[in-house]
Amino acid sequence: MSGFRKAFLLMAVLVLVTGIAFAQSTPLQCVANSGTTPPVRAEGVAEEVGQVIITCTGGTSTTPYGAAIPTFNVQIFLSTNVTSRLLGHTQSIDSEALLLIDEPAPANQLVASNVPNTTIVPATGSGMYYGGFPGRPNVFVGQVVGTNSIAWLNVPFDPPGTTSNRVIRLANVRANANQLGVSSTLIPTSINMFISISGTGSLSLANSQLTVAYVQLGMKFSASPATYNQCEPGTKTFNIKFAEQFGTAFRKNISAATSQATIGTIYNTESMFYNPNFAGTQAATAGLATQATRLIARFSNVPANVTLSVPINISTAEGDTATLVAAPTDGSTAGASDATNAAVALSGGAGAAVWEVTASNPGAISTFTVAVSVAYKANPLPGLGTATVSGNYAPTTTVFTASATAPAPRFVDNPQSATTFTINSCRTNLLFPFVTNTSGFDTGLVISNTSSDPFGTVPQRGPCTLNYYGSTAGGGAAPGVQTSGTVNEGTQLIWTLSNGGNLGVAATPGFMGYIIAQCNFQFAHGYAFVSDLGASRVAEGYLALVMDKDMYNTDEGATRTGASSEKLVH
C-alpha cells in the first residue's frame with residue numbers, strides 16, 4: 001500500500017513538472033485587431049482612423065535579471081497617405097502617432113525620452129514589464145518613414161508568459177481619406193492598415209492587415225432660393241443648411257488642459273488620444289487638434305448695394321452648437337455687428353462666413369439651418385442679378401501629407417454650390433392695344449410714374465422701353481424698339497406718334513398697330529387718345545392694360561410677363 005502511495009505521488013510530481021514545462025513552452029503569439037472602425041469624412045485630409053490593439057500571449061522571458069530587455073520595431077503602412085501631425089523636434093519626422101504598452105492609466109503613462117527610443121530597460125526576472133516607472137517608458141513616439149508609413153523603433157518587449165498578456169496599442173494615426181474617394185457601389189471605401197514587426201526580439205503577428213476606417217461623405221450643403229423685387233427695399237431672409245451625413249461628422253474640440261488619455265474611451269472630438277501630463281516631453285502636443293469642425297459659407301455674385309448678415313451663434317435641434325469665428329479666420333469676412341448678428345464684408349460681390357462647432361451630439365445626425373439676412377435700400381437701389389452660395393468644411397488645404405504646420409483637421413476645397421436669391425427689376429408691362437397715325441388720325445400717349453403718393457410708397461424711377469407691332473404706311477415694317485430716358489417718380493412720359501415727345505421718344509409717323517411698353521418701375525399707368533386731326537370728328541381714349549400679375553392678389557395665376565404690378569379696378 002505504501003508503495004502505491006509513493007508511485008502515485010511520483011506520478012503527480014511528473015504531471016506537475018510536465019505541465020509547467022508545457023506551459024513554459026507555449027509559443028509567443030500576437031494578434032492585431034482594430035478597436036473600432038469609424039466612418040471618416042471623404043472631404044477630410046487629416047482624419048483619425050481607428051486605434052489598433054495587438055494582444056500578445058505566451059512565450060517565456062529568457063532575459064536574465066537586470067539585463068536589457070530585447071526590443072522590436074513596429075511599422076504600419078496605410079492604403080493612403082499618413083497625415084498625423086509632425087511634432088517638429090530635432091528630427092522633422094517625429095510623429096504624434098503613439099505606441100502604448102499594457103494599457104496604462106493616464107497617471108502612469110511615461111513617454112520615452114528619445115525618438116527613436118534609446119532607453120535600455122532591464123529585465124525584472126519575472127517576465128513583467130512594469131512600465132510607467134522611471135527608466136521604464138510605456139509610451140513611444142513614432143517616426144514618419146514614408147508618405148504612408150509610420151514606425152516605432154526600439155520598443156522593449158518581455159513575453160508575458162501564460163498567466164497574463166501584453167497589449168500594444170497604436171493611437172493617433174491620421175489619414176488622407178479624400179485621397180481614396182467615396183465608393184460608387186454599396187460597399188464603402190475602406191482605409192486599410194498593414195502591420196510589420198521586426199527587431200532583436202522575435203514577435204510573430206496574426207491578422208496583420210486590418211480595416212481601420214470607412215470613407216463616406218461627411219456633409220451636404222443646400223440653400224433655399226428666394227426672389228426679391230428691386231423696388232421693395234427692406235430686410236429679407238433665406239436659409240442655408242449644413243447637414244451631417246453621419247453622427248460624428250461635426251465635432252467639438254478640447255482645450256490643452258483637457259485630458260483624453262483614458263485607454264479605450266471614445267471621446268468624439270476632433271482631438272485624438274491626448275494627455276496634458278506629457279507637457280515638456282516629446283509627445284507634448286500629440287493628439288491635440290488645431291480646432292473643432294469648421295463650416296464655411298462663401299457668397300458670390302451678390303448684387304451691388306446689398307448687405308448680408310449672418311447669426312453669430314447657430315444650433316441644431318439635436319443639440320449641436322457653433323459660433324462664428326473672427327474674420328479673417330479660414331477666409332471668413334464676417335465681423336460682429338451686434339450681439340447676435342455679423343455683417344459679411346463683400347468685395348466685388350463676394351464674402352464668406354465661418355462657424356466652428358462648440359458642442360456636438362454624436363448620437364444624432366444634425367443639421368445647422370442658418371438664416372441669412374439680405375438688406376437693401378431705395379437709394380441707391382440694389383443691382384440686379386442672382387447671388388450664389390457654396391458650403392464647405394474649413395480650413396481647406398493643399399497639404400496632403402504629414403506636416404508640422406498644416407492644421408488638423410483640414411479639408412479639400414470641394415464646395416457644394418446653390419442659388420440663394422435673385423433681385424429682379426421692378427417692372428410694369430403696359431399694352432396699348434391700338435394706336436394709329438394713318439388716314440388722318442394720330443395717337444397721343446402718356447405713361448405716368450405714380451410711385452410718388454401720400455401713402456408712403458418708396459419712390460421708383462427708370463426708363464420705359466417701347467416695342468412697336470404692326471406696320472407703317474405703304475406696308476413698311478414696324479418701327480424699331482426705342483427706350484426713353486428715366487421717368488422720375490411723379491412725372492410722365494408723353495408723346496404722339498406723329499411728333500414724338502419728351503425724354504427722347506422719337507416720332508413714328510405712318511404707324512398703325514399696338515405698343516407694349518416695358519417700364520422699369522412698378523407703378524406705371526398709361527393712357528392713349530386716338531382722334532382725327534383737331535379731334536373734330538372722331539376721338540377715343542382708353543387706359544393701357546397692365547399685363548402683369550396683380551402684386552396685391554396672390555390668388556391670380558401666372559402671366560406671360562413674369563412681373564407683378566399694380567392693377568387698378570373701376
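Is Ser498 buried, partly exposed or exposed? Select Ser498 to begin: with a relative accessible area of 24%, Ser498 is partly exposed, where buried means under 20% relative accessible area, exposed over 50%, and partly exposed in between, with a 1.4 Å probe and protein chains only. This is a predicted model, in which local features need pLDDT of at least 70 and side-chain atom pairs count only at pLDDT 80 or more, whereas totals for chains, interfaces and linings use all residues. Residues are numbered from 1 along each chain as its sequence is written, and side-chain values use heavy atoms, with hydrogens and water left out.

Staying with Ser498, you will find this residue in the loop between strand E32 (492–496) and strand E33 (500–501); helices (H or I, at least four residues) and strands (E, at least two) are DSSP runs, numbered from the N terminus.

Next, turn to the salt bridges, of which a search of the whole structure finds 12; the term stands for a side-chain nitrogen of Lys or Arg within 4 Å of a carboxyl oxygen of Asp or Glu. Select Arg41 and Glu270, whose side chains meet in a salt bridge at 2.8 Å, N to O. Arg41 belongs to strand E2 (residues 39–41) and Glu270 to the loop between strand E16 (234–244) and strand E17 (294–300), so this pair ties together parts that are 229 residues apart in sequence. Both Arg41 and Glu270 are buried, and if you extend the selection to Glu47 and Arg251, you have a network of salt bridges that links Arg41, Glu47, Arg251 and Glu270.

Move on to Arg174 and Glu96, which form a salt bridge with the closest N and O atoms 3.6 Å apart. Because Arg174 lies in strand E10 (residues 174–175) and Glu96 in strand E6, the pair ties together parts that are 78 residues apart in sequence. Arg174 is buried, with a relative accessible area of 1%, and Glu96 counts as buried at 0% relative accessibility.

A further pair to select is Asp102 and Arg166, with side chains that meet in a salt bridge at 3.1 Å, N to O. Here Asp102 sits in the loop between E6 and E7 and Arg166 in strand E9 (residues 161–171), so parts that are 64 residues apart in sequence are tied together. Asp102 counts as partly exposed at 29% relative accessibility, whereas Arg166, at 2%, counts as buried.

For the open spaces, select Thr36, Glu48, Thr265, Ile266 and Tyr267, which lie nearest the centre of the largest pocket among the 25 residues that line it. On a 1 Å grid over the protein atoms alone, a pocket is an open set of points with protein on both sides within 12 Å along at least five of seven lines, a cavity is a set of points where a 1.4 Å probe fits but cannot get out, and lining residues have an atom within 4 Å of a point. The largest pocket has a volume of about 520 Å³, a volume being the space filled by probe spheres set on the points, which are joined across faces, edges and corners.

Finally, the structure holds one cavity of 30 Å³ or more. To see its surroundings, select Gln230, Cys231, Leu381, Cys426, Gln460, Arg461, Asn520 and Phe521, which line the largest cavity.
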